[in-house]
Amino acid sequence: MQVALVTGSSRGIGLATAKALAAEGFAVAVNGPVDDAELRAAVAAVQAIGPCVAAPFDVSDLSAHDPALAQVEAALGPLTTLVNNAGVGVLQRGDLLEVSEASWDRCLNINSKAMFFLAQAFAKRVLARPRDAAVFHAIVNVTSSNAMAVAVQRAEYCASKAAAAMVSKALAVRLGPENIAVYDVQPGLIATEMTAPVIEMYRKRAEDGLTLFPRVGSPEDIGAIIASLASGKLPYTTGQVISADAGMLVPRF
Ligand SMILES: NC(=O)c1ccc[n+]([C@@H]2O[C@H](COP(=O)([O-])OP(=O)(O)OC[C@H]3O[C@@H](n4cnc5c(N)ncnc54)[C@H](OP(=O)(O)O)[C@@H]3O)[C@@H](O)[C@H]2O)c1
C-alpha cells in the first residue's frame with residue numbers, strides 16, 4: 001500500500017488531497033501545526049474513506065521533521081509519498097516598499113525552507129531501505145502560479161513560491177536516479193480559506209477572461225491532480241510543472 005504524508009491538510013487543498021489519495025487506496029497522514037479540532041475533523045473525514053492518522057507538527061520546526069516521519073511510518077508503514085502543501089500568505093498585502101522582515105521570513109520559512117528540509121528527511125528515509133521497484137514513490141510540491149507571475153502586493157509570497165519551484169527542480173534532478181518522481185503543482189485561483197477575502201474579485205476576473213476556463217478552482221480540482229501524479233498516472237515524467245490554473249498563465253494578446 002502507498003503511504004502519504006500531506007502537510008497542511010487540516011483544510012483546503014491539503015484536505016482535498018488527503019481525501020483524493022485515500023480514495024486512490026493510499027494510507028494517509030494528515031498534518032497541521034497543532035493537534036486541534038480542525039485537524040481531528042480532517043482525520044475523521046479521511047478515515048471515512050481509508051486508513052488515516054494525525055501527524056501534527058509545525059513544518060517550519062525542522063527538528064520535528066524526522067520524529068514526525070518516524071511516527072507516521074510506525075502507524076501506517078513505510079512512506080512512499082510526500083505532498084508538501086502547507087503554506088501561508090503574507091502578513092499584510094500592500095506596497096512592496098513596506099514589506100516587513102517578519103512577513104518575508106514567515107513566507108520563506110514555511111513555503112520554501114520547510115518543504116526543502118522535509119523532502120530531504122523523507123528522501124533519506126526512502127533511500128535508507130530496500131524498496132519494491134514496482135511501488136511508485138513521489139514528492140509533490142504545491143507551489144503557486146505566483147512562482148511565475150508577480151502579484152506585486154504579495155512580493156514575499158511570490159519570492160517564496162519561486163524558491164519552492166526551484167527546490168522542486170533540484171529535487172527532481174537529485175532523486176530521478178533514485179526512482180523518486182518530483183512534481184511542482186502550481187495552483188492558480190482556488191477557493192479556500194487562504195483566498196476567502198479576495199475570491200469574489202478573482203471569480204469576477206476569471207469570468208471576464210483572466211483564466212481560459214471562466215471559473216475559479218476548487219480544492220478538489222487540485223486534490224485530483226495531486227492524487228493522479230502520486231499514483232504514477234503520468235509515468236515516465238518527473239521535474240514537471242503542472243499549471244493547475246485553468247490556463248491563466250498561457251501567454252496571449
Ligand atoms: N488557494 C489558492 O488559490 C492557492 C493558490 C496557489 C497556491 N496555493 C498554495 O496551496 C497550499 C494550500 O493552500 P490553501 O489555499 O489550501 O490554504 P489554507 O486553506 O489556508 O490551508 C493551509 C493549510 O496549511 C496549514 N499550515 C500553515 N502553516 C503551517 C505550518 N507551519 N505547519 C503545518 N501546517 C501549516 C494550515 O493549518 P493552520 O491554519 O492550522 O495553520 C492549513 O491546514 C499553500 O501552499 C498555498 O500557498 C493556494
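**Entry 1: Ser9.** I started with Ser9, which counts as buried because its relative accessibility is 0%, and the cut-off for buried is under 20%. A reminder to myself: this is a predicted model. I then looked up where Ser9 sits, and found it in the loop between strand S1 (3-6) and H1. Its side chain has a polar atom 2.7 Å from the backbone oxygen of Val6. Setting aside residues up to four places away in sequence, I listed what Ser9 touches: Gly14, Leu15, Ala18, Ala29, Val30, Asn31 and Ala42.

**Entry 2: the ligand.** Next I turned to the ligand. How many residues surround the ligand? I noted 29, and the closest are Ser10, Asp58, Asn85, Tyr157 and Thr192. By type, the shell around the ligand divides into 13 nonpolar, 12 polar and 4 charged residues. I also checked the helices here: H1 (12-23) and H5 (155-175) each supply at least two residues of that shell.

For Ile13, a backbone N or O atom lies 2.8 Å from an oxygen atom of the ligand. For Asn85, a polar backbone atom is 2.7 Å from a ligand oxygen. For Thr192, an N or O atom in the side chain is 2.5 Å from an oxygen atom of the ligand. I followed this with the cover: on its own the ligand has 890 Å² of accessible area, and the protein covers 91% of it.

**Entry 3: Cys107.** I moved on to helix H4 (residues 101-127), where Cys107 is found. Is Cys107 buried or exposed? I put it down as buried, because its relative accessibility is 0%. Leaving out neighbours within four places in sequence, I found Cys107 in contact with Val88, Gly89, Val90, Ser112, Glu156, Tyr157 and Ser160. Tyr157 was already in my notes as one of the closest residues to the ligand. I also looked up a pair that is 54 residues apart along the chain: the C-alpha atoms of Cys107 and Lys161 are separated by 8.6 Å.

**Entry 4: aromatic rings.** How many aromatic pairs does the count come to? I got 1 aromatic pair. Phe116 and Phe117 form it, with 4.9 Å centre to centre and 85° between the planes, which makes the pair edge-to-face.

**Entry 5: positive phi.** I finished with the backbone angles of two residues. Asn179 has a positive phi of about 60° although it is not a glycine. I placed Asn179 in the loop between H5 and strand S6 (180-187).

Where is Ala246 found? I located Ala246 in the segment after strand S7 (240-244). Its phi is near 55°, again a positive value in a residue other than glycine. With a relative accessible area of 23%, Ala246 is partly exposed.

Key:
Residues numbered from 1 in each chain as written. Predicted model: local features only at pLDDT ≥ 70, side-chain atom pairs only at ≥ 80, totals over all residues. Heavy atoms only, no water. Helix = DSSP H or I, 4+ residues; strand = E, 2+ residues; numbered from the N terminus. Buried < 20%, exposed > 50% of the residue type's maximum accessible area, 1.4 Å probe, protein only. Contact = heavy atoms within 4.5 Å. Near = heavy atom within 4 Å. Polar contact = N/O pair within 3.5 Å; in protein donor to acceptor, adjacent residues only side chain to side chain. Areas by Shrake-Rupley, 256 points an atom, 1.4 Å probe, with all protein chains shown as cover. Nonpolar A, V, L, I, M, F, W, Y, C, P; charged D, E, K, R; others polar. Phe/Tyr/Trp six-rings, centres within 6.5 Å; stacked < 30°, edge-to-face > 60°.
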